[in-house]
Protein chains: 2
Amino acid sequence: MDLEAHFLNALAQSGVVWGLGDDAVLLDTSQALYMLDLFSEGVHFKREWLSYAQIGYKAMCVNVSDSIAMAACPKYALLGMQLPKGCALSEMRQLVAGIAKACQEFKIKIVGGDTTLGKDLSLSVTLIAKSSKPLERTKIHPKDLLVHTGTLGQSYKDLTTLLRGGKVSPKSKFIRPQLKNLLGFMLSVRPLVHAGLDISDGLLAECNRLSKLNKLACKLDKPHNKAYLSGEEYELLLSIPPKHKLALLRRAKQHRIKLNFVGVARRGLSHYRPKIWHA
Amino acid sequence: MDLEAHFLNALAQSGVVWGLGDDAVLLDTSQALYMLDLFSEGVHFKREWLSYAQIGYKAMCVNVSDSIAMAACPKYALLGMQLPKGCALSEMRQLVAGIAKACQEFKIKIVGGDTTLGKDLSLSVTLIAKSSKPLERTKIHPKDLLVHTGTLGQSYKDLTTLLRGGKVSPKSKFIRPQLKNLLGFMLSVRPLVHAGLDISDGLLAECNRLSKLNKLACKLDKPHNKAYLSGEEYELLLSIPPKHKLALLRRAKQHRIKLNFVGVARRGLSHYRPKIWHA
């Protein structure tokens, strides 16, 4: 049996696979959300930084984060897997274990995909998610409060450490995104929120993005906060009407989510400089 | 503007993109079919063999072929694109033109995706297709006639020529799959057909596959035909009840599809040796 066949076997045995075997899979997904993210060696990660299990887990999380940002619950995934030719069976099994762990945590079924052998390890994950009311980026109102979840800044620090050849904690968000509570929180606060997105490129960049889309300024209280430059944070930036502030804080406490109110939406446009600082 | 931004611009201007810009796209796809195929340099093609336009076109066709095999009409695609770092803008535009050409031909809208830069050119295409009654692989009846579309054998010959450093016609199925008529034919004959699949790994290998799935033998009249070893044929193998033979031939003529009746389903199991011969 070759590496690809072993991979498919391990995946089938992981219990997170459903409906594979035909050219395609039939799903009843009326009004579903679709997203695709690549997670590639040399681009998004180096193999020294992450174990195979961490790579599998994080590849799924990158997509789950997009789903959370839309207030949608992940349901199905299709997996495009390029395994490196020299990959040992034990490494491949670790990779599957990481994928399966994320699938179990977020109740995702893998319903299809394709595998191939290549130079580098590369994953393409298509995620199908359901939402009763998807959260968009374009519904901000003037006077909305801007609030982000969690603590920003650590991802950039950890990336810098890794790039310098250092080690970071396996609990680092950069290694292991923490999305479980965030999904529950987001689904529960959806009715309170006008707009939102995940902080992929740093808070300043996301404020510029929202500003442009909504033709409103995202006025931050502390625009020079260095933590606002840190990307890949797996946290959310939300805009809410001021009257929902207390309700939001209550839900955050229930779901063990930290909130930071950082600014307000106003007339105008934002032009922050989302340039990464050099330590 | 960097290569990725140029790529997204070119794609947006191609007219085949819809609904991009958010973290995900919302589609009404109740009872849809999903499939993902990878198309990677060094694995599925060499850059010397295909122009960028041909690569873009063929990457889409690989998926369209799966859709046809299920008697489904392609509707939407998500595109995971790894562009090679040294890719010239003109080459990238050719790639988009090839993708757009296939999308226009098969009325596919690109609704999402992800791009990155890497060493090699690699595409991951997720296709969403609709079918009123998807064709499966497991519904063969004893005494069904086995029939394939088109002429087999050329793909392997062309691949051999390319591997030897030779040139093949740009009209070769290996370079430019011909799927337009096949899609129309397949949708029109769906009610006549019990089961089917596309001939990816050669007719003998597909007969073994169908035999195993259906616990029936696929008895070929000329099992030693070398053309039955040729894979990547972009043709279909179908099983039909004998009473529908004439109706099938009539539809084939209307859609300009050549049919070859090659065998019959019987009790037993098939164990053909789908080994590639050496010229």
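A salt bridge is taken here as a side-chain nitrogen of Lys or Arg within 4 Å of a carboxyl oxygen of Asp or Glu. In the predicted model, Lys173(A), Glu233(A) and Glu235(A) are linked in a network of such salt bridges. Side chains of opposite charge can pair when their charged atoms come close.

In chain B, Lys173(B) forms a salt bridge with Glu235(B), with the closest N and O atoms 3.3 Å apart. Lys173(B) belongs to the loop between H4 and helix H5 (180-189), whereas Glu235(B) belongs to the loop between strand S7 (217-220) and strand S8 (236-240), so this pair ties together parts of chain B that are 62 residues apart in sequence. Lys173(B) and Glu235(B) are both buried.

Two further salt bridges of chain B involve partly exposed residues. Arg209(B) and Asp201(B) meet through their side chains in a salt bridge of 3.0 Å, N to O. The relative accessible area of Arg209(B) is 31%, and this residue is therefore partly exposed; Asp201(B), at 41% relative accessibility, also counts as partly exposed. Glu136(B) is paired with Lys139(B) in a salt bridge whose closest N and O atoms are 3.2 Å apart. Here Glu136(B) has a relative accessible area of 32% and is partly exposed, and Lys139(B), with a relative accessible area of 42%, is likewise partly exposed.

Glu136(B) and Lys139(B) are also among the residues touched by His194(B). His194(B) is located in the loop between H5 and strand S6 (195-198) of chain B. With Asp144(B), the side chain of His194(B) makes a polar contact of 2.8 Å to the partner side chain.

Helix H4 of chain B spans residues 154-163. Its buried residues are Ser155(B), Tyr156(B), Asp158(B), Thr160(B) and Leu162(B). Just after H4(B), Gly165(B) adopts a positive phi of about 90°. The loop between H4 and H5 of chain B also holds Lys173(B), the partner of Glu235(B).

How values were computed:
Residues numbered from 1 in each chain as written. Chains lettered and ligands numbered in written order. Predicted model: local features only at pLDDT ≥ 70, side-chain atom pairs only at ≥ 80, totals over all residues. Heavy atoms only, no water. Buried < 20%, exposed > 50% of the residue type's maximum accessible area, 1.4 Å probe, protein only. Helix = DSSP H or I, 4+ residues; strand = E, 2+ residues; numbered from the N terminus. Polar contact = N/O pair within 3.5 Å; in protein donor to acceptor, adjacent residues only side chain to side chain. Contact = heavy atoms within 4.5 Å. Lists of a residue's contacts leave out its neighbours within four places in sequence.
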